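Let's take a friendly walk through a structure, one piece at a time. Keep the 3D view open and look for each part as we come to it.

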Amino acid sequence: MSDELKYLSDRVARGLMNRRAFMGRATALGVGATMAGSLLSSAAFAAGPQKGGILKAGMVGGESTNSLDPATFASQVPFALGRCWGDTLVETSPTGDIVNRLAEEVSASPDARVWTFKIRSGVTFHNGKTLDAADVVATLRRHSGEDTKSGALGIMRGIETISQDGDNVVVALKNPNADLPYLMSDYHLIIQPNGGNDAPDAGIGTGPYKVVVNDPGVRHVGERFADYWDAPNRGHADQFEIIVINDATARTAALQGGQVHMVNRVEPKIVDLVKRVPGVSIKNVGGRGHYVFIMHCNTAPFDNNDLRLALKYAMDREQMVDKILRGYGTVGNDMPINGAYPLFDESIPQRSFDPDKAKFHFKKSGHDGSVLLRTSDVSFPGAVDAAQLYQESCQKAGITLEIKREPGDGYWSEVWNKQPFCTSYWGGRSTQDQMYSTAYLSSADWNDTRFFNEKFDKMLLEARAELDLAKRKALYSEMGTIVRDEGGLIMPMFNDFIDAVSDKVAGYNVDPGAELMNGYALSKAWLA
Amino acid sequence: MSPAIVKLIAQRLALGVLLLLAVSVLIFVGTQLLPGDVAQAILGQSATPEALANLRAELGLNEPAYLRYFDWLGGILTGDLGTALSNGQDISESLGKRLSNTLFLAMWAAIVSVPLAILLGLVAVQHRNGFIDKLISATTLTSISLPEFFIGYLLVYFVAVELQWFPSVSTVYDGMPFNERMSAIALPCATLTLVVLAHMMRMTRAAILNVMQSAYIETAELKGLSPFRVIFHHAFPNAIAPIVNVVMLNLAFLVVGVVVVEVIFVYPGMGQYLVDHVSKRDIPVVQACGMIFAAVYISLNIVADIVAIVANPRLRHPK
């Protein structure tokens, strides 16, 4: 590129020259229009993030009952807000790799039982305190202690001891686990001064923004933290603002009216309408979240594997993705894992709708009469419609499905994990081990399919300690097949995360980890 | 003020307090009947048995229900609403903010809608059965017949998205400049006005028309008074009791019945606050909100009664 061109595109990127003027000057230098256009976009990217402005997000998933205590985080707004004011030891990148954050170095003993995290130096909390290993130890202990109420307790249970060794934090596990760094990237595990034991909901962290206004269920505002340790890469806006807009129509209207720059959870049925709005683009990414129909493998009539198979073959997965997700998703294969997970085996055959096989297994099961499915729209968006579609496809296989619509209020306490056949969703986890340990291990608290399989349990523990990736992949492949053929999970679809973003925002790269760039949109993206 | 009225007001107030007490028991029993508890609701799908047990113990949910009720009653009598179970915030503080938002919106909606409704009612009477009367009735009845969320969405689409005159998101906060605040509440205020207008306007029209049949109105007309003067000075004072009644009912609606409008315009009022806490089974907050709603309803009704009595000398001297 000539120096002249470089100079010109640089000027555009800094906002000193407009696009039209650039195109004119570039053409004058004998460069074609297409070439000039691509020069321009690469220059904008190379110029890097621009600082300043107020970046606003309109989000569903905030309640007036939310707290800033990371242990209580359960919905989308606290999740995204936590990403703004806090940091975790490590993160997952959009490609699924581990990125060191507050941990400068992560190393494991050869058997993957003892893990050492070297804590980054020169990091300050918003209250001026310098981060040290003691804060990390206290944080991890607060989330794993006997009397904790942390949402991360489930993943912390495998830890035996947490200790400090100078600048290092040493985590010793009860059993080897090659995936421990992934567990440490959990969004609850925000490092707080003294572990947050003094003031768990103070909102003091090491993140790129300081919390200025915390009005739960209404709005949250933060301003750039001057002493942020990773300032070149995060926290580009002067201020961020999250406005809680739980109503889908209001959220879209706010984006259209220019009151917010990004919104989460665009409903699949309106995506095509939103696409037509000028100045707005849809950012969707296939993730690990999935919608499920779950049967208890130990409760009649679902204790019969032939009946389970019959119900699996009676599911028209393509239709579900088309009608319920409007194409914004991918078909499932009766196991909770897809290509978004590391070490996924693509060669496991895809199960498809087969009324004849369904009929065969239904007859073989000897079940007489109808099957009762409980559902509610809280279990996942469109669940009631999905249940009706499923009822029709079951009909084609000669199975009578009875649908019982349950009240949304109380669904998670009275129906899910209690009733033998219902609809539900899973947000997915960062690794196969985590997903299976959370819901498919015999001893798992949330074994919502009541799946008790000794061979599977043994293989799960074996895979966890296995550092040879090829061997691990083979183990996971076999485990996936067991769940697919013997489990109580009917898995029609993986749903995409669908965000809508204003053209004023730059640096927006989707992340399969979660919506809004895995919650980092407000700190990683900027106003162009 | 005559002793009779004082006695009457005292009676009403005492009854109101009794009613409030009854309401508090009802709300408490109602929340107990709901499935699940606050610990379950806070932890949601990610609840583990240990976390549940720890949280229940921490929140004191293991005590019997009646003890918790009397604890709460003792608190409220000493002016202490307690803290929210779900996020530990002080209820009086967070509720106070929401309540003042709700009252702010209700006040402006009332300032616009009440005079407008009465004026339209008077105009309709003056042109009764004519084109203007029919037009007023048709428009206001149409707006009351449409569900409020539909009116809200229509306003959002045309006024906020297409014309961009006012914001569609009405989030208000402390320290917001007054003109920005007014611009933020413009659309919810307009929606509420359209919803309550017809009821008040129709009642004004009917009550005045009723009075207009009386002989003294004919006298006034025969005296040669202007039609508007007849209506305003002679008919209106005698029709005031039923009108005040309806106005009070609608004012109560503006405070307690606006959840849907709050959701559409993302207005941080009491309605959304209450819904959030019901779904979290946060009983102290639900109780506090319920008490405030009940108090507003009861006191507005008392005011309506008293005005009716004061406005009508016949009721002031019961036989």
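## A strand with two partners

In chain A, strand S12 is joined to strand S17 (residues 489–502) by 11 bridges, and the two run antiparallel. Helices (H or I, at least four residues) and strands (E, at least two) are DSSP runs numbered from the N terminus, and two strands pair if DSSP finds at least two bridges between them. Look for A:Phe293, which stands opposite A:Ile490 in S17(A). S12(A) is also joined to strand S16 (residues 421–426) of chain A, by 6 bridges and again antiparallel. Here A:His290 faces A:Trp426 of S16(A).

A residue is buried if 20 or more other C-beta atoms lie within 10 Å of its own, exposed if 12 or fewer, and partly exposed in between, with C-beta atoms placed from the backbone.

## What kind of model this is

This is a predicted model, in which local features need pLDDT of at least 70 and side-chain atom pairs count only at pLDDT 80 or more, while totals for chains, interfaces and linings use all residues. Residues are numbered from 1 along each chain as its sequence is written, and chains are lettered from A and ligands numbered from 1 in the order in which they are written.

The pLDDT is the predictor's confidence in each residue, from 0 to 100. For chain B its mean is 83, and 95% of the residues reach 70 or more. For the complex, the predictor gives an ipTM of 0.74 and a pTM of 0.80.

## An open sheet in chain A

Chain A also has an open sheet of 4 strands, in the order S4-S5-S7-S6, with antiparallel pairing. Strands S4 (103–108) and S6 (159–165) are the edge strands, each pairing on one side only. S6(A) is joined to strand S7 (residues 168–173) by 6 bridges. One pair to find is A:Ile159 and its bridge partner in S7(A), A:Leu173.

Helix H5 (residues 133–144) of chain A lies across S5 (114–119), S6 and S7, at about 165 degrees to S6(A). Such angles run from 0 to 180 degrees between N-to-C directions, and axes are lines fitted to C-alpha atoms, for helices over the stretch in contact.

## Loops worth a look

Between strand S12 (280–295) and helix H10 (305–313) of chain A, the loop holds A:Pro301.

Two residues other than glycine have a positive phi: about 50 degrees for A:Arg326, and near 60 degrees for A:Asp334. Are they buried or partly exposed? A:Arg326 is partly exposed, with 17 other C-beta atoms within 10 Å, whereas A:Asp334 counts as buried, with 27 C-beta neighbours inside 10 Å.

## Where the chains meet

How many residues does each chain bring to the contact? Chain A brings 37 residues and chain B brings 41; two residues are in contact if their C-beta atoms, placed from the backbone, lie within 7 Å. On the side of chain A that touches chain B, H8(A) gives the most, with 5 residues.
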